[in-house]
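Visitor: Could you take me in for a close look at the nonpolar core and the rings around it? I'd like to hear what sits next to what.

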Amino acid sequence: MAKISYSQFSQWDKCPHMWKLNYVDKLGTFQGNIYTIFGTALHETIQAYLVAYYEKTIKVADSLPLNDIFLYRMEENYKITKNNSEELPVTLEEMKSFYQDGINIINEFLKRKSSYFPKKDNELLGIELDIKFPIHDNLNFIGYMDVVIHNKKTGRVKIIDIKTSTMGWNKWQKADKNKTNQLLLYKKFFSKQRDISEDKIDIEYL
């Protein structure tokens, strides 16, 4: 059974030949870097907070040592990247600089958490919730949604994708369908997989 992810689709959309080299000829040589180490660690830290926030209490979530969790996840992701790389993936100065950026983001997230993630009448459907949906003979679309929230009062579902960026998203990036189509596909296949009307599903990049 073959599988296709959004990253595959996105690469094929940009350059079919590059897609062939990576996924058909198996010549891909992607190695992690400071951006993937940082982004993954920040995802994991915020997601850990949200699990406690929704499934336990705000007090329990606020008691989590997020700075320590973030540091630990950066170190662990560094080790994984280092083991898969021929050279050291990042410098100590990069790690220190990105760690401080992460702490600033976490602090800002905590200030705005209630507007980003309302708790009243809402429940967490899942973190890294998977989609696996058949789209053709022996071909499945697969994806993993960062955060999925269900409003018990309205019945609406929100799919949230957490993005980290050094520059933010300007108007050109926001108009880039290669970026925004990801959640549209997640919405479509999640709707089919869970038998939920697309009209009941909202999507958002954070």
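Guide: Here is a walk through the core, its rings and then the strands.

A word on ground rules: this is a predicted model, where local features need pLDDT of at least 70, side-chain atom pairs count only at pLDDT 80 or more, and totals for chains, interfaces and linings use all residues. Residues are numbered from 1 along each chain as its sequence is written, and side-chain values use heavy atoms, with hydrogens and water left out.

For orientation, the protein chain has 8 helices and 5 strands, counted as DSSP runs numbered from the N terminus (H or I, at least four residues, for helices; E, at least two, for strands). Of its 206 residues, 34% are buried, meaning under 20% relative accessible area with a 1.4 Å probe, protein chains only; exposed is over 50%, and partly exposed is in between.

Now the core itself. A nonpolar core here is a set of buried Ala, Val, Leu, Ile, Met, Phe, Trp, Tyr and Cys residues joined through side-chain atoms within 4.5 Å. The largest one has 28 residues, and L50, F70, M74, F117 and V147 have the most contacts inside it. Two or more residues each come from α3 (34-55), α5 (66-83), α6 (92-116) and β3 (139-151), with α3 giving the largest share, 11 residues. Take M74: setting aside neighbours within four places in sequence, M74 is in contact (heavy atoms within 4.5 Å) with I34, I37, A41, M95, F98 and Y99. There is also a second, separate core of 13 residues, and L129, F133, V157 and F189 are among them.

On to the rings. The structure holds 12 aromatic pairs; Phe, Tyr and Trp rings (the six-membered one for Trp) pair if their centres lie within 6.5 Å, and planes under 30 degrees apart count as stacked, over 60 as edge-to-face and the rest as tilted. Y35 and F98 make an edge-to-face pair, 5.5 Å centre to centre with 80° between the planes. Since Y35 lies in helix α3 and F98 in helix α6, this pair ties together parts that are 63 residues apart in sequence. F98, one of the contacts of M74, is buried at a relative accessible area of 13%. F109 and F117 form another edge-to-face pair, at 6.1 Å centre to centre and 70° between the planes. F109 is buried at 4% relative accessible area, and F117 is buried too, at 1%. Ring pairs also link Y49, Y53, Y54, F109, Y116 and F117 into a cluster. Y53 has a charge over its face as well: K119, at 5.4 Å from the ring centre. That label needs NZ of Lys or CZ of Arg within 6 Å of the ring centre and within 35 degrees of the ring normal.

Last, the strands. β3 and β4 run antiparallel, joined by 4 bridges; strands pair if DSSP finds at least two bridges between them. In their hairpin, with 5 residues between the strands, G155 takes a positive phi near 80°. H150 stands opposite V157 in β4, and V157 belongs to the second core. Strand β4 (residues 157-161) has 4 of its 5 residues buried, so it is largely enclosed by the rest of the structure.
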